[in-house]
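Here is a friendly walk through one protein model, with its surface, its pockets and its charged pairs in turn. Please keep the viewer open as you read.

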Amino acid sequence: MNLNPFINLINNVLSLYSISLIIWIILDWLISFNVINRNQTLVKNLMNIGHYIFEPIFAQVRRIIPIIGRIDLSPIIVLLLINFIKDFLFTYFYKF
C-alpha cells in the first residue's frame, strides 16, 4: 500500500531528471568524440533542450565549484545531490 504519494511523486520526478541528465551527458560525450554529428537536426534539438533544462542548475553549482581545467564536475555534483535528496525524503518523510 502506498502511504505517501507526494514523496513518491517527488522521487519519480527526480528519477526522471537524473535519467535524462545521464542521457544528455552521454550524448555530449558522443558529440565530443565525433561519434555523432553535431549538425544533425535531432542532435541539435536534443542538445538545446538539455542545455535549457540543465544549464541553470549547472550554473548554480559552478558558482560554488568552478570548472577545473577542462573538467566540469557540475553534472556529477547534481547527480549526487539528486540522490541525496531522494535518500533524505525516504529516510525522514516516508512513513510505513
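I26 lies in helix α1, which spans residues 5-32; helices here are DSSP runs of H or I with at least four residues, strands are runs of E with at least two, and both are numbered from the N terminus. This is a predicted model, where local features need pLDDT of at least 70, side-chain atom pairs count only at pLDDT 80 or more, and totals for chains, interfaces and linings use all residues. Residues are numbered from 1 along each chain as its sequence is written, and side-chain values use heavy atoms, with hydrogens and water left out.

Is I26 buried or exposed, or does it fall in between? I26 counts as partly exposed because its relative accessibility is 42%; buried means under 20% relative accessible area, exposed over 50%, and partly exposed in between, with a 1.4 Å probe and protein chains only. I26 also belongs to a nonpolar surface patch of about 570 Å², made together with I22, W29, F33 and V35. Such patches take residues with over 30% relative accessible area and no salt bridge, joining nonpolar side chains (Val, Leu, Ile, Met, Phe, Trp, Tyr) within 5 Å and like charges within 9 Å. The areas come from the Shrake-Rupley method with a 1.4 Å probe, and for residues only the protein chains shown count as cover.

Now to the pockets. Rolling a probe the size of a water molecule over the atoms shows where empty space is left. A pocket is an open set of points on a 1 Å grid over the protein atoms alone, where a 1.4 Å probe fits and protein lies on both sides within 12 Å along at least five of seven lines; lining residues have an atom within 4 Å of a point. The volume is the space filled by probe spheres set on the points, which are joined across faces, edges and corners.

The largest pocket has a volume of about 550 Å³. Of its 17 lining residues, I25, D28, W29, D72 and P75 lie nearest its centre. Two or more lining residues come from each of α1, α2 (41-64) and α3 (74-92). By class, this lining has nine nonpolar, two polar and six charged residues; Ala, Val, Leu, Ile, Met, Phe, Trp, Tyr, Cys and Pro count as nonpolar, Asp, Glu, Lys and Arg as charged, and the others, Gly among them, as polar.

The second largest pocket holds about 150 Å³ of space. Its lining includes S20, W24, L46, G50 and F54. The largest share of that lining, five residues, comes from α2. Seven of the lining residues are nonpolar, two are polar and none is charged.

Which residues form the salt-bridge network? E55, R62 and D72 are linked in it, a salt bridge being a side-chain nitrogen of Lys or Arg within 4 Å of a carboxyl oxygen of Asp or Glu. The structure holds two salt bridges:

| Salt bridge | N to O distance |
|---|---|
| R62 and E55 | 2.4 Å |
| R62 and D72 | 2.7 Å |

R62 is partly exposed, at 22% relative accessibility, E55 is buried, at 19%, and D72 is partly exposed, at 26%.
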